[in-house]
Amino acid sequence: MDVAPPPVPLPSVADALTARQVGLILFALTLGGFAIGTSEFASMGLMPNMVASLGVTEPQVGHLISAYALGVVVGAPLLAILGAGWKRKTLLLALMGFYALGNLASALGPTYESLLVFRFIAGLPHGAYFGVAALTAVAISPPNKRGRAISLVMLGLTLAILIGNPLATWLGQIIDWRWVFAAVALVALSTALLLAVWLPAGIDGAKAHPLDELRAFNRLPVWQALAIGAIGFAGMFSVFSYLAPTMLEVTRVSPAWIPLGLAGFGVGGVIGNFVGGWLSDRFQLRGAWMVLAWAMVALLMFPLLAKGLPTILLATVTIGLMGALGPILQSHLMDVAGDAQTLAAASHHAAFNTANALGPWLGGMAITAGYGWTSTGYVGAAMAVAGLLIYVWAQRTLRGASTPANVACDTAS
């Protein structure tokens, strides 16, 4: 009796894409990340301008940063669950359109209280966009280039720190900070248009029911990975959020130097982003401890380096290298999330924006308590140590899950 040969798998839409098409799609996804990163970090560089315009204090502007971050934390899992049955292209277009509206509202918000609401709304689609964008980038890339694909999507965030945020700060200083959010809305709409033209339909994963995603998501390794990002990365935001007043009050430079200081984070972020992709492909989760150990040292040095212009610029670059943590944790979440790929990928950005809310809040508490602007470095170092402790716990959990006894139990079940 002859045995029928196995069926030949049909080529997917992703397999039919040319290198040029893949490059255009990745460019559009990165542009969306650039819009989101510029909006997310704009308030940090524009803090002195917003203080003067709105008649509030620096920590109150820090609350606007936290409001946006809270929107990401709420919106990432919520929109990922609600959009679980959507086509990826449709969901990406909807999220970018929503983001454009949120930033247009931020540009038009007349009062501080209205801005709190609009910044929260603007943050809602952030995490879901990056989650779906990362899954789309992985789907059109070779399996051994997954970390690189994720790092290219995340490149938009780091380019926003390098170029978008300094440009936004400069624009806010010479015209008005509200025009920055209007410009972000325009870039978001441009992203939606490019994706509508370049991204083919059918770049989709297996359809999952929202309840199935929730069940697969609720696993200890997933929560540990999210906790590493939420706690360990908070230190960078503690320093970054108050860099502008630190440069004015401690380094004692003119406001014209603030965009350059912000660009230092961008330089470190761009380098760290590619390093993180390499570490992820080579070491998987083990790359996280290297980044966190580096961060602890760099943050401890910040109070000393903040006293002079050359050294504070060096400090911003070294702290910006913490961006390497992003691709490592995003890739690891795809390994441990099982069927909850969309929810896990979106929640990764919710975790990092928990850090974006936690960092300014803890740093602001230290400043308000009278410990000075540079106390944010010590706060950040403590958060990096906490992230390292969670990493150790996560590694022990992974080793325990892979022991022969546990494997045997899983096989028997």
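Leu 167, Trp 170, Ile 174, Ile 175 and Trp 179 form a nonpolar surface patch of about 580 Å², where a patch joins nonpolar side chains (Val, Leu, Ile, Met, Phe, Trp, Tyr) within 5 Å, from residues with over 30% relative accessible area and no salt bridge. The model is predicted, so that local features need pLDDT of at least 70 and side-chain atom pairs count only at pLDDT 80 or more, while totals for chains, interfaces and linings use all residues. Residues are numbered from 1 along each chain as its sequence is written, and side-chain values use heavy atoms, with hydrogens and water left out.

Helix 7 (residues 146-174) gives the largest share of the patch, three residues, whereas Trp 179 belongs to helix 8 (residues 178-198). Trp 179 counts as exposed because its relative accessibility is 54% (exposed means over 50%, buried under 20%, with a 1.4 Å probe and protein chains only).

## The chain as a whole

The chain has 19 helices and zero strands (DSSP runs of H or I with at least four residues, and of E with at least two). Of its 413 residues, 56% count as buried.

## The nonpolar cores

The largest nonpolar core has 112 residues, and Leu 29, Tyr 129 and Ile 319 have the most contacts inside it; a core is a set of buried Ala, Val, Leu, Ile, Met, Phe, Trp, Tyr and Cys residues joined through side-chain atoms within 4.5 Å. Helix 1 (residues 19-45) supplies the largest share of this core, ten residues. Apart from this core lies another of 16 residues, among them Leu 333 and Ala 344.

Note on methods
Patch = residues over 30% accessible without salt bridge, like charges linked within 9 Å, V, L, I, M, F, W, Y side chains within 5 Å. Areas by Shrake-Rupley, 256 points an atom, 1.4 Å probe, with all protein chains shown as cover. Salt bridge = Lys/Arg side-chain N within 4 Å of Asp/Glu carboxyl O.
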